[in-house]
Amino acid sequence: MRSHGRRGLMLRTCVVYESKYGTTAEVARAFALVLGPSRMCRPEMFSEDLKSSDLFVIGTPIYNGEVAPSIRRFVETNASWLREKPVALFCTCIKLHKGRTYLTELHTFLGDEVPAVAFGGRLRTADLDRDDRNALTFYAKRTGFILQDRDLLDMKAVAAYALALRERLECIDLMPEKELRARADRFLRTHSECVLATGHGRAVRATPVDYLYADGRIYIYSEGGAKFAYLVQNPRASVAIYDHHTSMEDVRGMQLTGGVEVLRPGEPGHEEALALRGLTADEIAAFPADLNVIRITPDETVYLDTSLKKEEYAVRQVLRDRTFSLSPRQQRP
Ligand SMILES: Cc1cc2nc3c(=O)[nH]c(=O)nc-3n(C[C@H](O)[C@H](O)[C@H](O)COP(=O)(O)O)c2cc1C
């Protein structure tokens, strides 16, 4: 994705979309939420102040093999400055196999490097206005297309793509990894309380707990409880650690997400984990109940510090221990 010109600020996204029957609006809404802070508007409501946004997501439905005329006009009219900005394109359509080729026309205005993706759309025959019903009936007679209700919208794919875009955006104004790791380590060592989030399926739980940070991992000591009901089913968890703040200028916090190991007495790593807390084998033996250890190895660390603005870094810094990329189907043609 192309770089942007502002430094040290919260990155803002502008989602410009068109939608006659609501499907593209629903996708645009999800992008606006995941990529927030954001604004969302139809082309005719686009205003000058939105030009300073850091990312533009442009979404269109496909009607009769074409992008929406208002989106085509918007892109054509604004191509000169849009070409200097990070832009991502999406469409919703029924013929997913043709998907991104529908967006080729927009690529000619914006450049081939602009990422583009097609999401499955919706067709509700009862909602169609007379012109659209006639056009589709004619098309169906000509081609054998069966005009019936269709729902190909996959919000899981939409959310995954929006998250991948967010991750790319987060690569902008990152501080050098070594420095970020050092700051994250300092933050974790100088705090001792966190909220542990566990969950499985629709069941979720947030538990305030003490933690210990050692060798890049979070250790939580517990005699038992409902959180383990989720951890035995889903060995992933997230923790949030944050400072009390008095204004938006001194917001500091961290979210770590990673794999969880639950260590019971006698299991590998349990004794070492208790030793980190200064507990000896004799002390452990004297406990009235088993002390379990939740060991979290983070693969994603998000550090938010609004004072980073002063250093011209993005206020949200992300460390990842895996390489996340868009799947080949989602890459531009
Ligand atoms: C009149 C009409 C023509 C359409 N033409 C196409 C088309 O050529 N190719 C395609 O894949 N989908 C086509 N569709 C499906 C739409 O792209 C899909 O329903 C889309 O999600 C609608 O977006 P909206 O709900 O935001 O208006 C057409 C739908 C209508 C109503």
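Glu312 is found in the loop between strand S15 (292-305) and strand S16 (316-320), where strands are DSSP runs of E of at least two residues and helices are runs of H or I of at least four, both numbered from the N terminus. This is a predicted model, in which local features need pLDDT of at least 70 and side-chain atom pairs count only at pLDDT 80 or more, while totals for chains, interfaces and linings use all residues. Residues are numbered from 1 along each chain as its sequence is written.

**Overall architecture**

- The secondary structure of the protein chain comes to nine helices and 16 strands, and its C-alpha atoms fill a box of roughly 85 × 45 × 35 Å along the principal axes.
- The domain assignment, whose bounds come from an automatic or database source, gives domain 1 (13-169) and domain 2 (177-313), and the centres of domain 1 and domain 2, taken over C-alpha atoms, are separated by 40 Å.
- Of the 333 residues of the protein chain, 29% count as buried, a residue being buried if 20 or more other C-beta atoms, placed from the backbone, lie within 10 Å of its own, exposed if 12 or fewer do, and partly exposed in between.
- Among contacts in the protein chain with a separation of 6 or more, 72% are between residues 24 or more positions apart, a contact being a pair of residues whose C-beta atoms, placed from the backbone, lie within 7 Å.

**Surroundings of the ligand**

- The ligand is surrounded by 24 residues, of which the closest are Tyr21, Thr23, Pro61, Cys93 and Gly121; a residue is included if its C-beta atom, placed from the backbone, lies within 6 Å of the molecule.
- Two or more residues of this shell come from each of helix H1 (23-34), strand S3 (55-63), strand S5 (87-93), strand S7 (122-123) and helix H4 (130-143).
- The shell divides into 11 nonpolar, eight polar and five charged residues, with Ala, Val, Leu, Ile, Met, Phe, Trp, Tyr, Cys and Pro counted as nonpolar, Asp, Glu, Lys and Arg as charged, and the others, Gly among them, as polar.

**Helix H2 and Ile71**

- Helix H2 (residues 69-82) has a kink of about 40° centred on Glu76, the bend at a residue being the angle between axes fitted to the seven residues ending there and the seven starting there.
- In H2, Ile71, Phe74, Val75 and Leu82 are buried, and what covers the buried residues of H2 includes strand S1 (13-17), S3, strand S4 (66-67), S5 and helix H3 (104-110).
- Ile71 is buried because 24 other C-beta atoms lie within 10 Å, and Ile71 touches Glu18, Pro43, Ile58 and Thr60 when residues up to four places away in sequence are not counted.

**Hairpin S9–S10**

- Strand S9 (residues 193-200) and strand S10 (residues 203-210) run antiparallel and are joined by eight bridges, where two strands pair if DSSP finds at least two bridges between them.
- S9 and S10 form a hairpin with two residues between them, and Gly201 in the turn has a positive phi of about 60°.

**Backbone features in loops**

- A cis peptide bond with omega of about 10° joins Gly36 and Pro37, and Pro37 lies in the loop between H1 and strand S2 (38-41).
- Asp215, in the loop between strand S11 (212-214) and strand S12 (217-222), has a positive phi of about 40° although it is not a glycine, and Asp215 is exposed because 9 other C-beta atoms lie within 10 Å.
- Glu312, also a residue other than glycine, has a positive phi near 65°, and Glu312 is exposed, with 12 other C-beta atoms within 10 Å.

Note on methods. Two residues are in contact if their C-beta atoms, placed from the backbone, lie within 7 Å.
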